[in-house]
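Please keep the sequence and the model at hand while reading.

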Amino acid sequence: MAKSCKGLAEELVKCLSESTCVKGEKRSIRDCAGEKSPCIPSECIGLRETYFNCKRGQVDMRARIRGNKGY
C-alpha cells in the first residue's frame with residue numbers, strides 16, 4: 001500500500017516539469033505544485049487532486065482494510 005500512489009506521483013512530476021511554471025519562470029516543481037497558478041495546465045491540477053486523494057486513502061482506516069485504490 002505504501003507504493004500505491006507512486007505512479008501518480010511520477011506523472012504529476014512529469015506534468016509539472018513540462019509546464020510553463022517550471023520551464024518559463026524557472027521555479028522549482030515543489031513551488032509550482034503548491035499553488036493555483038494559471039500557467040499550470042488543467043491536467044496537472046487533476047493529477048494533483050487525484051494524488052491527494054490517493055495519499056488521503058492511505059491514512060483512512062477503512063481504505064487500509066480494503067486496500068487503497070491504486071493507480
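This is a predicted model: local features need pLDDT of at least 70, side-chain atom pairs count only at pLDDT 80 or more; totals for chains, interfaces and linings use all residues.

The residues concerned are Leu 8, Leu 12, Cys 15 and Leu 16, which are buried in helix 1. Viewed down the axis of helix 1, these buried residues fall within an arc of 95 degrees, so they line one face of the helix. Helix 1 itself covers residues 6–17, twelve residues in total, and its first and last C-alpha atoms lie 17 Å apart, which is close to the 16 Å expected at 1.5 Å a residue.

Thr 50 belongs to helix 4, and with a relative accessibility of 39% Thr 50 counts as partly exposed, whereas Leu 12 is among the buried residues of helix 1.

**Disulfides**

The structure holds three disulfides, which are set out below.

| Disulfide | S to S distance | Angle about the S-S bond | Handedness |
|---|---|---|---|
| Cys 5 and Cys 54 | 1.8 Å | -95 degrees | left-handed |
| Cys 15 and Cys 44 | 1.9 Å | -95 degrees | left-handed |
| Cys 21 and Cys 32 | 2.0 Å | -85 degrees | left-handed |

When the bonded cysteines are counted along the chain, the disulfides follow the pattern 1-6, 2-5, 3-4.

Cys 5 and Cys 54 form a disulfide with their sulfur atoms 1.8 Å apart. Cys 5 lies in the segment before helix 1 and Cys 54 in helix 4, so this pair ties together parts that are 49 residues apart in sequence. Both Cys 5 and Cys 54 are buried.

The disulfide that joins Cys 15 to Cys 44 likewise links distant parts of the chain, with Cys 15 in helix 1 and Cys 44 in helix 4, 29 residues apart. Both Cys 15 and Cys 44 are buried, and Cys 15 is also one of the buried residues listed above for helix 1.

The remaining disulfide joins Cys 21 to Cys 32. Cys 21 lies in helix 2 and Cys 32 in helix 3, so the pair ties together parts that are eleven residues apart in sequence. Cys 21 counts as buried at 0% relative accessibility, and Cys 32 is buried as well, with a relative accessible area of 0%.

**Salt bridge**

How many salt bridges does a search of the whole structure find? The search finds one, and it is formed by Arg 27 with Glu 25, the closest N and O atoms being 3.4 Å apart. Arg 27 counts as partly exposed, at 26% relative accessibility, and Glu 25 is partly exposed too, with a relative accessible area of 43%.

Note on methods:
Residues are numbered from 1 along each chain as its sequence is written. Side-chain values use heavy atoms; hydrogens and water are left out. Helices (H or I, at least four residues) and strands (E, at least two) are DSSP runs, numbered from the N terminus. The expected span of a helix is 1.5 Å times one less than its number of residues. Buried means under 20% relative accessible area, exposed over 50%, partly exposed in between (1.4 Å probe, protein chains only). The arc is that of the directions from the helix axis to the C-beta atoms. A salt bridge is a side-chain nitrogen of Lys or Arg within 4 Å of a carboxyl oxygen of Asp or Glu. A disulfide is a pair of cysteine sulfur atoms within 2.5 Å.
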